[in-house]
Amino acid sequence: MGDKLTIDSTLTCDVLVIGAGGAGLRAAAQISEQRPETKIIALTKVVSPQKSHTTTAQGGMAAVDPKDPEDRPIFHMFDTWKGSDCSADQNVIKKVCETGWEEVVWLERHGMHFSRTEEGRIAKRPFGGHMLNFGEKKSFRACYEATRTGKGIMDTVWDESLKYGVDFIGQCIATELLFEGNRCIGAIIFRYPEGKFLAILAKATIVATGGKTRMYQVSTNCRGNTGDGLVLALDAGLPVMDLEAVQFHPTGIIGPGILASEALRGEGGILRNKDEEPFMERYAPTAKDLAPRDLISRSIITEIREGRGIFNEAHNAHHVWLDLRHLPKEVHEKKIQEIESFFRRFAGVDPVTELCPVTPTAHYQMGGIPTNEFGEVQNDTQTIVPGLFACGEAAAASLHGLNRLGTNSLLELITIGKVTGERVIEYLKDAKEPETLPSNAGHISFDQFSIHLNSQGNEKYAQIRDTLRNLMMEKVGIFRTEKFLLEAIESLKTLKERVIHIPIGTKSLKTNQDLWQIWELNNLITVSMVIAQGALARKESRGAHFREDYPERSNEFNYHTLISMPEFNKVAFGKRPIDMSLFEAKGECFELFDYIERKY
Amino acid sequence: MSKSYTITLEINRYDPDTQLSWIQAYQVEVGGILRFVDVLRKINDEQDPTLAWASSCEHAQCGSCGIIVNGKPLLACELLVKDAVEQFDTYTFRLRPLTVAPVLRDLVVDLEKAYEKVHKALPYIIKPAPLPPEGDEYRISQERLETYIEATQCINCFCCATACISSHRNFLGPNVTMANIVRLMDPRETATKERLDILYREDGVYRCHTSRACSFVCPKEIDVSHFLALGKEGKF
C-alpha cells in the first residue's frame with residue numbers, strides 16, 4: 001500500500017499484563033485485590049481471556065493438603081526435583097509446594113467448581129510422578145474440576161479480574177517491548193480488527209504469553225501459541241532459558257495430537273503395544289503408566305521404532321493403544337466423560353469397548369524467560385531487569401527444570417502468578433511514571449510488518465509452515481542427535497530467508513489473517529532456532545531433552561542453558577546455576593535433593 | 001486409504017475496506033477424519049489465503065470458532081466433514097458468520113463486543129458466604145453441585161445466542177442469563193437480590209420465549225433452557 005506504519009495512539013497504565021491466561025490474570029487478580037486503585041491492562045490474542053489456552057488444561061493441579069494424613073509437601077518437593085531430572089531450582093520448588101494448598105483454597109473461595117468428595121470437600125486424584133514417601137507408592141495429590149480443571153482456573157481468575165475492573169484488550173499481539181534505559185516501560189501492540197498499532201506505557205510489565213509448541217507437526221497447543229513472548233525478550237536482547245526442554249505428552253489423540261489427559265492413566269488406563277502388552281511395566285517397573293511424561297513418550301517411540309506400534313492409514317502415522325475398557329462405569333460416565341468424547345469425535349472410537357489410538361504430542365515448554373523466584377525477569381548476568389516480570393509457561397523460574405510433572409503447571413500458574421503479583425505491588429510503590437514514548441518506539445514492529453506487507457516472491461506459507469513442523473518433529477523432537485540438530489539449524493536458516501518472500505494475500509491491515517499468521521510463523525522459526533541451538537549445546541540427556549549420542553545425564557551440565565539471540569542465528573550462550581538450597585540447608589532428607597539417580 | 005470426495009463450501013465474504021459482501025464458492029477435496037477447521041485451512045493453503053476464519057484450541061474447548069453451517073450454529077472444529085455430509089445429507093455447505101456481533105471479515109466476528117454482555121452477568125461471586133474456618137474450603141455436597149455443574153461447562157461460544165429466537169438487541173442472551181443463574185445456585189454466593197435484579201432486567205430472562213433452540217445447538221450439550229426455566233421459576 002505504501003502507507004507508512006505509525007502508532008495510532010498511546011495508552012498509559014500502572015501494570016501491563018501481556019497474555020491474560022491463568023498466570024497473567026492470577027497476577028492481575030492479586031494486584032487488584034490488594035490495591036484496587038491500580039490501573040491494569042491485560043492483553044490477549046483471543047477475543048476474551050476466558051478463551052486462553054489455560055482453559056483447555058484437563059487433568060488437575062497438585063497441592064498437598066496439610067490435613068492429609070499421608071501426604072506431605074516434602075514428598076511433593078522431592079517428586080518435582082526428581083521429575084525435573086535434577087534441574088529445577090529448589091528455592092522455587094519449596095515456595096510452590098509449600099503454598100500450593102493455600103492457592104487451591106483461594107481458587108475455591110473465589111468460586112471455582114472443584115469436583116467434591118462425599119463429604120463435600122475438594123476431591124483428589126493420582127497423577128504421574130506424584131508419590132508418597134519419596135517414590136514408594138502413588139499419592140492422591142491432584143485437585144480437579146471434572147476433566148476441565150484448566151477451564152475452572154481460567155474462569156475463576158478471569159472472574160476476579162472482571163470484579164476488580166481490569167481492562168482487557170483482546171484480539172491483539174504485543175510486537176515489541178519498550179525501554180527507558182534498562183527499565184521496561186511497556187509495549188507496542190497491534191490490534192487485529194482495526195489493523196492499528198498502539199503504544200502502552202506502563203510502570204510494570206508482566207509477560208505471561210504461555211506456550212509455543214505449534215512448531216511441531218503434532219501438538220496439543222492452540223493456533224495462537226507461537227512463542228510471541230519469547231521473541232519479545234529475544235528482540236530486547238534478553239536471554240531465554242532451557243528452551244531445549246520441550247515436553248511431549250505421551251497421549252495425544254492420533255492426528256492433530258489433541259490432548260488426552262494423564263488423568264486417564266490416573267484413573268487406571270493402561271498403555272499397550274500392538275501385541276496388547278502393557279509395555280510400561282518394562283520401562284518403569286514401579287510407576288508403570290504413571291511414570292513421568294518424558295519417560296513414557298520415549299518408551300512409546302521406542303516401542304514404535306522396534307516394530308511394536310500400530311500404523312494408522314488415515315493419518316499416515318504410528319501409534320500405541322491406551323486401554324480404558326476395564327475402568328468402572330462410574331469413571332467413564334462421571335470422571336472422564338469429556339476426554340472420552342474426544343476419542344469418539346476425533347478418532348471415531350468408543351473408549352468403553354475399544355482401544356484408543358495415542359501418540360506423543362508436543363505439549364509444553366519447560367523453559368522460557370528466566371526469572372528469579374519472585375517473577376522478576378533476569379538478563380544474561382542474572383541482573384534483574386527493572387519493570388519487567390514474567391510468569392506462567394512463558395517464564396522459567398524454574399519450577400520444572402528440564403521436565404515437568406503433570407498438574408505442576410496449573411499449580412505454577414496460581415502460585416508464581418500470585419507471587420509475581422505481590423512483587424509488582426512492591427515495585428509499584430516507588431516506580432515512576434514512564435516519561436515519554438521512546439523516539440524509536442515501534443521500529444522493530446514496523447520493519448517486520450513492512451517486510452511482510454511488501455514482500456515479493458512466490459513462497460507459500462503452507463509449505464514453509466509444514467516444512468518447519470515436520471522438520472522439528474523429526475530432528476528436534478523426542479530423540480535428538482548432533483547430525484539431525486545441525487541439519488535442523490541449516491534448514492531453519494533457509495526457512496528464515498524464505499519466510500520474507502511469501503507474497504501477502506491482501507495488503508489491508510484490517511483483520512488480515514495472512515499477515516498475522518506470517519508474523520507468527522516468523523516467531524515460530526525464531527524460537528525453533530533457539531530450541532535447536534540449546535539442544536545441540538546440551539551434550540547430555542536430562543529430563544525431556546534426550547540425546548541418542550549422549551544418552552546419560554552428566555554433572556558437567558548441572559546448569560540452566562541461557563541463549564540470547566538479538567539477531568537471527570547470532571547466538572550467545574550463558575549458564576545459570578541450579579539453585580540447591582534444599583540440599584544445602586541440610587534439613588530433613590536433604591541428601592534426596594542432591595543430583596540423584598532418576599528411575600521409576 | 002479412505003476414499004476422498006469433493007465438497008463445495010459457499011462462504012459469506014466481507015471486505016471491511018470496501019464494505020462489500022458476496023458469497024464465494026470453494027470446491028475442496030476431502031477424506032478421512034477432517035474437521036471443518038481443517039477444510040478452511042486447506043482452502044487458505046491451496047486456494048485463497050485471504051479467507052479469514054477464527055479458531056484457537058481446535059478441539060471444542062474454547063468456543064472461538066463458532067460459525068453457522070446450513071443454518072445451524074456450531075463449532076467449526078467439532079464438525080467433522082463426514083458427519084456433516086450425513087447429518088445435512090449434502091455435499092454443499094453454506095457457511096455464515098455468527099450473528100451476535102459485527103462481522104470483521106468473512107467468518108470472523110467481533111466476539112469481544114459480544115462478551116460485553118457476558119460481563120453484565122457478573123460471573124464472579126459478588127458477596128461470598130461466611131468463610132469456612134481454619135483456612136478450609138467451602139463444603140459443597142455432590143448432590144448440590146449436581147444441580148448446576150452442567151451449566152458451568154459453558155464456554156461462551158455464542159452458538160445458543162445465535163440460535164435464540166429472541167432479538168440480540170433486546171435480550172442479554174441464553175448464555176449470559178445462564179451464567180447469572182449458576183451463581184444464584186452456587187451456595188457460596190449470597191448476593192441473591194442483586195442477582196435477581198439482573199435476572200429480571202428488561203432484557204433479562206422474560207425475553208426468553210422457550211424455543212429451546214439453545215439446548216438444541218449447545219456444543220457442550222448443556223440443557224441451557226432447563227436453567228432458564230429455573231430462572232423463570234425463581235426459586236432461589
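Where in chain B does B:Leu80 lie? In this predicted model, B:Leu80 is found in the loop that runs between strand S4 (72–75) and helix H2 (81–88) of chain B. B:Leu80 counts as buried because 20 other C-beta atoms lie within 10 Å, and the cut-off for a buried residue is 20 or more. When residues up to four places away in sequence are not counted, B:Leu80 touches B:Ile33, B:Leu34 and B:Arg35. B:Phe36 stands 44 residues from B:Leu80 in sequence, yet the C-alpha atoms of the two are 6.1 Å apart.

Chain B is assigned two domains, domain 1 (5–109) and domain 2 (111–233). Their C-alpha centres are 29 Å apart. Contacts between them involve 17 residues of domain 1 of chain B and 14 residues of domain 2 of chain B. On the domain 1 side, strands S3 (66–69) and S4 of chain B each contribute at least two residues, and S4(B) gives the most, with four residues. That side consists of eleven nonpolar, four polar and two charged residues.

The largest nonpolar core of the model has 183 residues. Among those with the most contacts inside this core are A:Val15, A:Ile206, A:Ala208, A:Ile369 and A:Ala390. Helix H15 (residues 513–537) of chain A supplies the largest share of the core, 14 residues. At least three residues come from each of domain 1 (251–362) and domain 2 (443–553 + 561–577) of chain A. Leaving aside neighbours within four places in sequence, A:Ala390 is in contact with residues including A:Ile206, A:Ala208, A:Thr371 and A:Val377. Another core, of 74 residues, lies apart from this one and includes B:Val39, B:Leu40, B:Phe171 and B:Leu228.

Methods:
Residues numbered from 1 in each chain as written. Chains lettered and ligands numbered in written order. Predicted model: local features only at pLDDT ≥ 70, side-chain atom pairs only at ≥ 80, totals over all residues. Core = buried A, V, L, I, M, F, W, Y, C linked by C-beta atoms within 7 Å. Buried ≥ 20, exposed ≤ 12 C-beta atoms within 10 Å, placed from the backbone. Domains from an automatic or database assignment. Contact = placed C-beta atoms within 7 Å. Nonpolar A, V, L, I, M, F, W, Y, C, P; charged D, E, K, R; others polar.
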